[in-house]
Number of protein chains: 2
Amino acid sequence: MAETPKPEKLTGSAKVYKQLREDILRMDLAPGQALDEVGLAERFSLSRSPIREALVKLAGEGLVQVLPNRSTIVSPINFQDMPRFLDTLDLLQRATHRLAAENRTDAELAEIEAAREAFLEGSRLSIATNNSVPHIERNYDFHMAIARACRNPYLIRFYGQLLDEAKRLGHMRFQFKSQTTNLTPEDLDAQHKQMVEAIARRDGASIENLAHEHANLFRGQFMDYVMANHTQRVAVEY
Amino acid sequence: MAETPKPEKLTGSAKVYKQLREDILRMDLAPGQALDEVGLAERFSLSRSPIREALVKLAGEGLVQVLPNRSTIVSPINFQDMPRFLDTLDLLQRATHRLAAENRTDAELAEIEAAREAFLEGSRLSIATNNSVPHIERNYDFHMAIARACRNPYLIRFYGQLLDEAKRLGHMRFQFKSQTTNLTPEDLDAQHKQMVEAIARRDGASIENLAHEHANLFRGQFMDYVMANHTQRVAVEY
DNA sequence: AGACGACAAAATGTCGACAGTTTTTGTGTT
DNA sequence: AACACAAAAACTGTCGACATTTTGTCGTCT
């Protein structure tokens, strides 16, 4: 109600920032790809100033890397640090979700439940249309709805940054149609439902466990992606 | 050896960024103070472009806040979220320091020990010259040296951001000469020494405890600052 | 006297152009 | 043909100026 609908007049650089951010998170822009300022300026029909501003902002979040006097590139996905990434995701997911269960208001619980339902719907839509966006986006929304309820702006910010990166990984997995995972939307929703119930009971220990298992699930999905052999049907000797 | 000494030719906006960052963290720029772009441009003898770029970068780190179409201001110190800040500092300090103990190399241990000695020296210098900078700066260096040894770039980044804010709080405390704390440099060094020993033993559980106590010490110092009555010698009836 | 509205001043947002590097291209030599 | 060096193209870093938005002031009207 007290929320502005959305169509607020955005400044040029803000539009570029928002668009590029979305493109990067959805892997529409490949990691490592060079982002030419003049090219982007033409694409958005703007001068280079707002483009630069957007790129600097994105660099602050680690989504792009500015190579001094060279082109800025979309941040590559760092496989070397992947174990550390997953560790940190686990830690902050446990922290945010536990605190959320312990500090939530009824209004926040309702929002979380709504986000859960939206995820189930989005996940089914993704299967039906073979488009990963709704599944991943609504999953992100669900966990961020929980994180917001923890009321710790620092944890929310850090966890959000990790989830952004997780989004990229999720889309990467789907791009290769690695449907090896036989988890249905209903399976994932069952986990989410358990989480919501734990939050409803204010059961911190329980949701910390669930968050840990959920993080491990993500870890496993990522492992599947790496281990999957996409060329096994191709005979080397023919 | 493979490290460039330092006098690399810095770009204009990088110099502005570095200088402003230092000024903000040392509280030479007061929280809430407006940062006028044209004024800064004159001060640094540069155009507004590099100034803007520096401000956008600082905004990404949360050190300044850009109010759209209005002036950017130095981020105010948020007392409302202080408990959450201290909680998060505790959590990430425990995590980084424990992992550091478990994963450190001998070279990193040596660096940590060197940082401890530098802190003791700096802390004494601060008492002697009544200048908080060496004490706080070397304390920051000590804990960051430990954090770097944890080898988790995500935790290092997040913890570093929290320590930046802690730096501001430390300087704020000293600005009011709130010498109520009767902790000598030697007292603090004793705690640091225990930490180094625990890291040397690779004793994760022990250093997690020490890190927790150390964070609580900071919490207490901050409480002292808030509770201290700086006007008690002023009689209301005279 | 207080409120509303137009005007003026100042700051931010954007633009096009120039300067300094880096990368690419092209040429000549070994 | 391969390498070294030099010219050129392309891109980033910076600048000064213009456009737009906001803030502050003044005057008028009720």
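**Figure 1. At 64% relative accessibility, B:Ser45 counts as exposed.** Exposed means over 50% relative accessible area, buried under 20% and partly exposed in between, with a 1.4 Å probe and protein chains only. This is a predicted model: local features need pLDDT of at least 70, side-chain atom pairs count only at pLDDT 80 or more, and totals for chains, interfaces and linings use all residues. Residues are numbered from 1 along each chain as its sequence is written, chains are lettered from A and ligands numbered from 1 in the order in which they are written, and side-chain values use heavy atoms, leaving out hydrogens and water. B:Ser45 sits in the loop between helix H2 (37-44) and H3 of chain B. Helices (H or I, at least four residues) and strands (E, at least two) are DSSP runs, numbered from the N terminus. The phi angle of B:Ser45 is near 55 degrees, a positive value in a residue other than glycine. Most residues other than glycine have a negative phi.

**Figure 2. B:Met27 is a loop residue with a positive phi.** Its loop runs between H1 and strand S1 (34-35) of chain B. Phi of B:Met27 is near 60 degrees. Is B:Met27 buried or exposed? B:Met27 counts as buried, at 10% relative accessibility.

**Figure 3. Chains A and B are related by a two-fold axis.** The superposition is by least squares on the C-alpha atoms of residues with pLDDT of at least 70 in both copies. Which residue of chain A comes closest to the rotation axis? A:Gly60 does, with its C-alpha at 2.6 Å. The copies meet through the same surface, because 100% of the interface residues of chain A are also interface residues in chain B.

**Figure 4. DNA strand D has 19 residues around it.** A residue is near a strand if one of its heavy atoms lies within 4 Å of it. A:Arg48, A:Arg52, B:Thr11, B:Gly12 and B:Ser47 come nearest. Of the atoms of DNA strand D that come within 4 Å of the protein, 69% belong to sugar and phosphate. For B:Gly12, a backbone N or O atom lies 2.5 Å from a phosphate oxygen. A polar backbone atom of A:Asn69 is 3.5 Å from a phosphate oxygen. Helix H3 (48-60) of chain A, and helix H1 (12-25) and helix H3 (48-60) of chain B, each give two or more residues to this surface. H3(B) gives the most, with 3 residues. By class, the surface has 3 nonpolar, 8 polar and 8 charged residues. Nonpolar covers Ala, Val, Leu, Ile, Met, Phe, Trp, Tyr, Cys and Pro; charged covers Asp, Glu, Lys and Arg; the others, Gly among them, are polar.

**Figure 5. DNA strand C also has 19 residues around it.** The nearest are A:Thr11, A:Gly12, A:Ser47, A:Arg70 and B:Arg52. Sugar and phosphate make up 72% of the atoms of DNA strand C that come within 4 Å of the protein. An N or O atom in the side chain of A:Thr11 is 2.8 Å from a phosphate oxygen. A polar side-chain atom of B:Asp36 lies 3.3 Å from a phosphate oxygen. What does the side chain of B:Arg48 approach on DNA strand C? One of its polar atoms lies 2.9 Å from a base nitrogen. H3(A) provides the largest share of this surface, 3 residues.

**Figure 6. Helix H9 of chain B has a buried side that packs on other helices.** Its 24 residues (204-227) should span 34 Å at 1.5 Å a residue, and its end C-alpha atoms are 34 Å apart, which agrees. The expected span is 1.5 Å times one less than the number of residues. Buried residues include B:Ile207, B:Leu210, B:Ala211, B:Phe218 and B:Phe222. The buried residues pack against helix H4 (82-103), helix H6 (132-148), helix H7 (153-175) and helix H8 (185-200) of chain B.

**Figure 7. B:His214 is a buried residue of H9(B).** Its relative accessible area is 8%. Contact means heavy atoms within 4.5 Å. Leaving aside neighbours within four places in sequence, B:His214 is in contact with B:Gln93, B:Asn139, B:His143, B:Leu188, B:Gln191, B:His192 and B:Met195. B:His97 is 117 residues from B:His214 in sequence and 11 Å away in space, C-alpha to C-alpha.

**Figure 8. B:Asp189 lies in helix H8 of chain B.** This residue counts as buried, at 5% relative accessibility. Not counting residues up to four places away in sequence, B:Asp189 touches B:Arg116, B:Phe119 and B:Leu120.

Conventions:
A polar contact is a pair of N or O atoms within 3.5 Å; within protein, one must be able to donate a hydrogen and the other to accept it, and residues adjacent in sequence count only if both atoms are side-chain atoms.
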